[in-house]
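Colleague: Could you take me through one part of this model up close, in plain words? I'd like to see how the pieces there sit together.

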Amino acid sequence: MRRPRPRTLLLAAALVLALAAALAPRLATRGTAFRLLAVVDVTGSMNVRDYTQDGRPVSRLDEVKTTLRALAARLPCGSELGLAIFTERRSFLLFEPVAVCADFAPLDGAIANLDWRMAWEGDSYIAFGLYSGIALAGPLGADLLFFTDGQEAPPLPASGIPPFEGEAGAVRGLIVGVGGTTPVPIPKFDRDGREVGFYGMDDVPQENRHGLPPTNSELREGFHARNAPWGGEAASGEEHLSAVRTEHLEALAAKTGLAYVPLADAAALAGSVASHARPRPVPGTWDSAPLPAALALALLMAFFAAEALPARRPHPHPTTRTRVS
């Protein structure tokens, strides 16, 4: 009985593996997912264009939207992501966390349509906005992603950061600092939403004169304990310029039990989420069919490669000539 040729064995093995792939079971597994609430600052300073995309300047808000959309695409299936905006002194929920895989299209569209025109007040009380974002995330059982440049408008009073009345660390998550480190002008828009220049020093409050005056205010020119406790001159400063307020955001993170990270690409942000958010086990399935299917394909490629090689012909044996004398 003749032994089968190697090429025939290759083809038979590929057939067996192909049948195994067709009948391969789906195996139950346990995966890791996240439940997140993203709160995006849409106040005026988020219009500053200190990022670039494809060689053109883009606003901080546009950079957040791009990164958040990419993050949603990177989160493992089973994860959920909700969306909220921050303006004035509160965070407002747009929708509760939804499945990033099953509901990706509407989720991606909602993030893409975030706009600074959603803000209805010019103030930006970052601390209060963060505190209300934590209050939103807690009942939803979600970890918080709070995107902001950290610029308080008006500036904080002399008493500093307002007290946090919640429990530090009860809600986990990230404060994501947005913007460059160099102060740059803030775009100014008219009532119809058309850009008309930049804010000047006289357009925004340079000092918060509510509450008690700062220490040593009596040394200011024109000080009067009753009539001019902040001095007699108009405040000056750089509040009309904007840069990420890293120290302020780190202080807020320490007060609330969150972590602070600067805005980077989606891969870095996903790594920060994995480090600081609470992983949640979710049931999943593993399709075992690709393994035998890949082996069957490899054997078929080997078979056809062997068929393409030219067949070796046996060398003829030399003939012996007999001389006739």
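Modeller: Let's start with a word we'll need: a residue is buried under 20% relative accessible area, exposed over 50%, and partly exposed in between (1.4 Å probe, protein chains only). Keep in mind that this is a predicted model, where local features need pLDDT of at least 70, side-chain atom pairs count only at pLDDT 80 or more, and totals for chains, interfaces and linings use all residues. Residues are numbered from 1 along each chain as its sequence is written, and side-chain values use heavy atoms, with hydrogens and water left out.

Helices (H or I, at least four residues) and strands (E, at least two) are DSSP runs, numbered from the N terminus. In helix H2, the buried residues are Arg60, Leu61, Glu63, Val64, Lys65, Thr67, Leu68, Leu71 and Ala72. Serine 59 counts as buried because its relative accessibility is 10%.

On the H4 side, the contact (heavy atoms within 4.5 Å) is made by Ile126, Ala127, Leu130, Tyr131 and Ile134. H5 brings His248, Leu249, Leu252, Lys255 and Thr256. Sorted by class, that contact has seven nonpolar, two polar and one charged residues. For those classes, Ala, Val, Leu, Ile, Met, Phe, Trp, Tyr, Cys and Pro count as nonpolar, Asp, Glu, Lys and Arg as charged, and the others, Gly among them, as polar.

Tyr131 turns up again in the aromatic rings: ring pairs link Tyr125, Phe128, Tyr131 and Phe164 into a cluster. Rings of Phe, Tyr and Trp (its six-membered ring) pair if their centres lie within 6.5 Å; planes under 30 degrees apart count as stacked, over 60 as edge-to-face and the rest as tilted. The structure holds five aromatic pairs. In one of them, tyrosine 125 and phenylalanine 128 have ring centres 6.3 Å apart and planes at 55 degrees, so that pair is tilted. Tyrosine 125 is buried, with a relative accessible area of 18%, whereas phenylalanine 128 is partly exposed, at 34%.
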